[in-house]
Amino acid sequence: MNQQLLVPDIGDFEEVEVIEVLVKVSDKIKKNDSIVTLESDKSSVEVPSTYEGTVESVNVKVGDKVSKGHLLVTLNSESQPEKKPKKNVEEKLPIDTENIIKEAEDTLVLKNEVEKPKIEIKKKDKDEKIEVIKNADIDPVETKEWLESLSAVLEKDGKNRAQYLIKQLIDYSYKEGSDLVLSRNTPYTNTIAPEDEKKSPGDQNLERKIRALIRWNAAAMVVRVNKKNPELGGHIGTFASAATLYDIGMNHFWRAKNNKFGGDLIYFQGHSAPGMYARAFLEGRITPKQLDNFRQEVKPGGLSSYPHPWLMPKFWQFPTVSMGLGPIMSIYQARFTKYLINRGLLKDEGRKIWCFLGDGETDEPESLGAIGLAAREKLDNLIFVVNCNLQRLDGPVRGNGKIIQELEGIFRGAGWNVIKVIWGSYWDSLLAKDKTGLLVKRMNEAVDGEYQAFKAKGGAFVREKFFGKYPELSNLVSQMTDRDIWRLNRGGHDPHKVYAAYHSAMQNTGTPTVILAKTIKGYGMGKSGESINTTHQQKKLEEKDLLYYRDRFDVPLTDQQVKNVEYYRPPDNSPEIKYLRECRLKLGGNLPERSSFAKSIKTPSEDIFKAMKESTGTKEMSTTMVLVRMLTSLLRDKNVAPRLVPIIPDEARTFGMEGFFQKIGIYAHEGQKYEPVDSEQLSSYREDVKGQVLEEGITEAGAMSSWIAAGTSYTNHDISMIPIYIFYSMFGFQRTGDLAWAAGDNQTRGFLIGATAGRTTLAGEGLQHGDGHSHLLSSVIPNCKSYDPTFAYELATIFKEGLRRMHDKQENIFYYITTMNENYCHPAMPKNKFIAEGILKGMYLFKEHNKFKKTKIQLLGSGAILREMIAAAEILQKEYQIDSNVWSVTSFNELRKEAIETERYNLLNPDKKPKKTYIEKCLSSTEGPIVAASDYIRLNSDQIRPFTSKAFYSFGTDGYGRSDTRKNLRKFFEVDKEHIVAYSLSVLAKEQLIPSKYAKDAIKKYNIDTEKPIPTKL
Ligand SMILES: Cc1ncc(C[n+]2csc(CCOP(=O)(O)OP(=O)(O)O)c2C)c(N)n1
Ligand SMILES: [Mg+2]
């Protein structure tokens, strides 16, 4: 049976061009195979077949213009057209919707029940009395009755039933008009009740000893280094507060990567690094000499100040010290792990991503800014541990409030599983004795500023200020000495509580978990630094403080050894070292450790890029369209296609990439539960659990974190991925520069595409969109290679080289490429064999005008402005008989990098024949001065000014952008062809190569207002 394949609904477009015909007569094709590629003036899209069969006739050819309904191909086919399955909306309701409906129904039921009350309040049989505090309570008897009822429920039916009833009461009160938020917080107590705590199987005694040694060695390292040279710095107080949190993970939970398991991924809090080195020292992975070289990284073998994979590439996995970046990167890491699993590229082994952060760090917008995504995407592979030592650098995090309660509310509101670890085991019996709830009340009312002072000022102070507030509480501790009171410990320092919390977090499914652990900053540092405001920067310990530290943790060192601040490592066969190693052996190996076993991705064949290297004839297109075309072609390469990760922060339609939605789908962890509003269209919004596109929504920081996760997948998951993050150029480095810096440290491999780039090229958007400096921002990252290509073949050459170097040769570099939205014709790649090399090195001779052989000028143009240069060269030739060389500069950054290296070599080898920079190789034997311009500020082209002895003048888009037509903008910024002509003539006059009257004439002819202020002043 013959079937006709017609042009489907392609949105608002009419008369779009067929740019590729992908089938021929007698081809056997399957359903969804692409048959043609159509291209509008904005995007290209492949049209899939809706049948399976053999091609009988092809009714279009390349260059034809088609609209909806146009016949493309006739097939001989047996199959039926694919009917889009009607989604069974009822079956696949989102969980949240289900809950909302259920809650609504339950409320109705409750209402009926309330109308005919049948509730039987069971009284407690036991004598046990529930005492009620009178203060703010207007009817204590009534309160008592309610509590007794609840107590009975708890006893008879358990906590879930009690919780259910409470929820019903809250819902009912909402319904009756109460709008108080009743469930944002739980009381200021541990989430896990003592009887529900999972007990640690570890040897507590040995673990305590090991922890003491790690604490000691971490502090000793910082103290020794600062004795040697006080300018080196370091931190003691942070790790001192977090030691137990790390130790429990290291001894019992965190599984390393090995040949059987992918490994958990741990984001260590940046300035707790000394603790990780101290443990690695005990494990025998780091020598005392290395410890002594902490923060001295210039000579090989030193230990980096903070976690920096760039500096310790076999040790650190994640750069975290710029606060806020660890949390957001870990969230997107957890999301990307699920993405790989859902796409079938990674085995689901139940690996976890743990992220440690400081309580002060939670003020960073990046720390909490993406927690909604973590809950929405049900990232139960993610565990945050917030070390709530109540202090940041200068002082308390929330002196007047309670950071743990605040964070609890925020995380609960976002849908996380929150585990509070506030009180240590010594409090358990006190809390059990607190029948009035007064102790919890007091815990709730004391603010963090007070809690900080309680730990700084000793047991008597706590007795007076904390327990002394209520006589009942004073009584509660009357049998305890001040020392006993002092020993009432905090949850984050109690290995039992921390173990129970970690265990519970590991069991949790369906939501991410945050553990809020209360600790003491500078724990164990005594008067020199425990819980005082200056703790953070404490890096020296006096002799008496060191002796105190030794005694506090029973470190087996003599006084003399303490005075010498010696490291302490028991022998290999000691119980401590054996235990430590056994723990890690059971958990599969060492942590942190960075490795990669990823296979390289073969560079695609030249065919894929062929179309980009041919002339587009009269067809005009933007480099963004070229990129999309190229990606479409790359999706046909079997090695590359599955590894591509297009990342878009809500701009796919801006960049003409909506065709990808249908073709490769948008990643959605729960698939698509709705019939898309545009389901009939070819660019319909298709969400899929196996979707390939990461459509991030409006979060450049999130998109950048996804890009980092994908671009480091080669080490974190041993599978190379090719992330391509496409953003508005202005919202790239300017917005997320610090993440780009971290990406460099992290050795991320991938492409950043600054689309709609250039200050005069993105016409109507104005000051906050028109980018004139991103190339300079990117130039500061040593392993970032940036390019500003003009023509399709340049872009294709750069992109192919990027694939080759990053993904085939596995070099630790990444690419920043700007693309534009200006449509123009693209010439074929010149046949000269040096062109490709020139494109990659940063410049090549695009055109030579040599007709008059009198006066010559060198015109260097980059990106969008190259075309103005080309046009200016024609005018100079025709109207002024000036010859010129037009150079296409694909990267001023690359030219400069090569030049500084060559210059350095020459200076260091004064006796050797100087090497020529690539710039000189291109320009030194040419005639005439240089005029350089780009769509970026003058500093961009000025980068190469010092490396040529020729007269050099640069032009660019200095000043704030504004919106207007491209023509007007280029005139305004003086980078249009007319200005280039006038300036070139002026330059030649200044160099005394021609009389000045030509320049004056041109200025007049082109109506150039010489009185207009420079754009930086406008
Ligand atoms: C983005 C950023 N801003 C500032 C700093 C400097 N800094 C390092 S640690 C610190 C205080 C950290 O306090 P907190 O997060 O509570 O961690 P703690 O040391 O108390 O565990 C500051 C301000 C930084 N590392 N990163
Ligand atoms: Mg803190």
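Is Gln 391 buried or exposed? At 2% relative accessibility, Gln 391 counts as buried, where buried means under 20% relative accessible area with a 1.4 Å probe and protein chains only.

Colleagues, this is a predicted model, in which local features need pLDDT of at least 70 and side-chain atom pairs count only at pLDDT 80 or more, while totals for chains, interfaces and linings use all residues. Residues are numbered from 1 along each chain as its sequence is written, chains are lettered from A and ligands numbered from 1 in the order in which they are written, and side-chain values use heavy atoms, without hydrogens and water.

I turn to the interior. A nonpolar core is a set of buried Ala, Val, Leu, Ile, Met, Phe, Trp, Tyr and Cys residues joined through side-chain atoms within 4.5 Å. The largest has 166 residues, and Ile 331, Phe 384, Phe 466, Phe 467, Phe 751 and Phe 799 touch the most other members. Helix α7 (residues 325-342) gives this core its largest share, nine residues; helices are DSSP runs of H or I, at least four residues, numbered from the N terminus. Another core, of 76 residues, lies apart from it and includes Met 312 and Tyr 567.

Conventions: Buried < 20%, exposed > 50% of the residue type's maximum accessible area, 1.4 Å probe, protein only. Helix = DSSP H or I, 4+ residues; strand = E, 2+ residues; numbered from the N terminus.
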